[in-house]
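This report describes a predicted model. The sections below proceed from local features to the arrangement of the chains.

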2 protein chains.
Amino acid sequence: MLSKQQLTFLRSLQQKKFRQMYGKFLVEGDKLVNELLSSTFKVDAIYSVQGWKSVNDAIKAEHHIITEAELQKVSTHDTPNKVIAVAEMPLLEYNNEALKAGLYIVLDKLQDPGNAGAIIRIADWFGVSTVFLADGSVDVYNPKVVNSAKGSLFRVQCHYVDLKQLFEANKHLSVYGTFMDGENIYRTALDKDGFIIIGNEGNGIGPETEPFVTKKIAIPAWGKAESLNAAVATGIVVSEFRRISLQ
Amino acid sequence: MLSKQQLTFLRSLQQKKFRQMYGKFLVEGDKLVNELLSSTFKVDAIYSVQGWKSVNDAIKAEHHIITEAELQKVSTHDTPNKVIAVAEMPLLEYNNEALKAGLYIVLDKLQDPGNAGAIIRIADWFGVSTVFLADGSVDVYNPKVVNSAKGSLFRVQCHYVDLKQLFEANKHLSVYGTFMDGENIYRTALDKDGFIIIGNEGNGIGPETEPFVTKKIAIPAWGKAESLNAAVATGIVVSEFRRISLQ
């Protein structure tokens, strides 16, 4: 049974301002909630239909049994899948400390939730520990990002940062950005470490970010497309950095 | 002014069965309609708000002026952008003829429209002339595919085929498929030509398709993600084939 107050609260978490006010976000569906429960994230409450079983027997969160109709009311999916959970956003701050050597992804005002989720999966796949997001980028706790990131959101650290401060505190790391007139990534020398900046879907890397780029790179084109999808371009670039690190 | 008949017709094209019945599909927005008008596709009708200008002065299609409110009624977008066009599906058939040497993408029951659009952009970017789709794959004339493919749908040939017939008619070409236990794509020998099969988002390459695969490949993982987004994986694999073709 879902109280009116619970209904209002769960629905409010579909909006960024309430997620930020409460520091909480929604995770939906059997598989993803089970990944959440196996992660280090703190889980506040679980709302499931009768019969849903967690893989984790010792759930510490409140567990409310609700009906399919109630689940439909709070779900962000067309076809809700048994369960929705309220998780706490991790308190991750970047305090302008120098980062250790490694590969990092930086999203410069990326907007599309599906792209952000796919990029968090790319980071997880290729062992990139952290995705930095410029203020003005999509909220990674948006239900569409949570969904498209699969469980990777629970393993990859996501930090909202001032990019100027990030790059100034880390002058020991190269800063790569993709540009139409960049150097062919297959042919140019790449460090195995550094920042890879991915720009906004329509506008690319912003003029306030471009001065920090130490090397402009490009994925060479064989055909006539104006651009690649932002997540696809990220995958190709990160793959290339990992490939050369094996050599 | 939009007649009731026009309204019904335009809305019907949001559904696959009517697109197939009429052999027509919708193209929306200023940029995309202009790309359509610059393409080889036949355009039947354009419905635009007053003041919309085509880059192509000599439009042969009917051109109807409609109001913003009327456009909203027929649009598939949250914020319609000036114009919607009705285009004819090209009559592309694959007659089981042997293909010439080249790289081809094959979608084995891929379902997500955003992924299909992103993959058609990948084909266009990397100069892959043709995307073959197994029956049961997403309809590439779905408005969401049209939108996410950008103008690439007008340049890349998309054929729905029986995969068995395709592979049996083209035994001169290697057939690559991504599998968890495939060979590391960075390390294994790849032809520069062949078919690259991309499987369904949840189930991968189907059991009826797998026997045609002549080489199983894999993108090596550094982290813990179970998988990559299907379009991202396509981009990485196609990029790797193009990279080695330069060597």
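## An exposed loop residue

In chain A, G51(A) is found in the loop that runs between β2 and β3 (62-66). The residue is exposed, with 7 other C-beta atoms within 10 Å; the cut-off for this class is 12 or fewer. Along the chain, G51(A) and K82(A) are 31 residues apart, and 8.7 Å separates their C-alpha atoms.

## Strand β4 of chain A and its partners

Strand β4 of chain A spans residues 83-88, and five of its six residues are buried, so the strand is largely enclosed by the rest of the structure. β4(A) runs antiparallel to β1(A), and five bridges join the two. Within this pairing, K24(A) has E88(A) as its bridge partner in β4(A).

Strand β2 of chain A (residues 43-49) is also antiparallel to β4(A), to which five bridges join it. Here the bridge partner of Y47(A) in β4(A) is I84(A). In a regular strand, side chains alternate between the two faces of the sheet.

## Domains of chain A

The domain assignment divides chain A into domain 1 (4-88) and domain 2 (103-245). The C-alpha centres of these two domains of chain A are 30 Å apart. Their contact takes 13 residues from domain 1 of chain A and nine residues from domain 2 of chain A.

On the side of domain 1 of chain A that touches domain 2 of chain A, the elements giving two or more residues are α2 (16-22), β1 (24-28) and α3 (30-37) of chain A. β1(A) supplies the largest share of that side, four residues. By class, that side of domain 1 of chain A has six nonpolar, three polar and four charged residues.

The contact between the chains takes 29 residues from chain A and 29 residues from chain B. On the side of chain A that touches chain B, α5 (113-125) and α8 (230-245) of chain A are the elements that give two or more residues. α8(A) gives the most to this side, with seven residues. The classes represented on the side of chain A that touches chain B are 14 nonpolar, seven polar and eight charged residues.

## The nonpolar core

The largest nonpolar core has 150 residues, of which I119(A) and I119(B) touch the most other members. Leaving aside residues up to four places away in sequence, I119(B) touches I105(B), L107(B), V131(B), I198(B), A231(B) and T234(B).

## Positive phi values in chain B

Most residues other than glycine have a negative phi. K109(B), a residue other than glycine, has a positive phi near 65 degrees. K109(B) is placed in the loop between β5 (103-107) and α5 (113-125) of chain B. K109(B) counts as buried because 21 C-beta neighbours lie inside 10 Å, the cut-off being 20 or more.

K150(B), likewise a residue other than glycine, has a positive phi near 50 degrees. The loop between α6 (143-148) and β7 (157-161) of chain B holds K150(B). With 22 other C-beta atoms within 10 Å, K150(B) is buried.

Methods:
Residues numbered from 1 in each chain as written. Chains lettered and ligands numbered in written order. Predicted model: local features only at pLDDT ≥ 70, side-chain atom pairs only at ≥ 80, totals over all residues. Contact = placed C-beta atoms within 7 Å. Nonpolar A, V, L, I, M, F, W, Y, C, P; charged D, E, K, R; others polar. Domains from an automatic or database assignment. Core = buried A, V, L, I, M, F, W, Y, C linked by C-beta atoms within 7 Å. Pairing = 2+ DSSP bridges.
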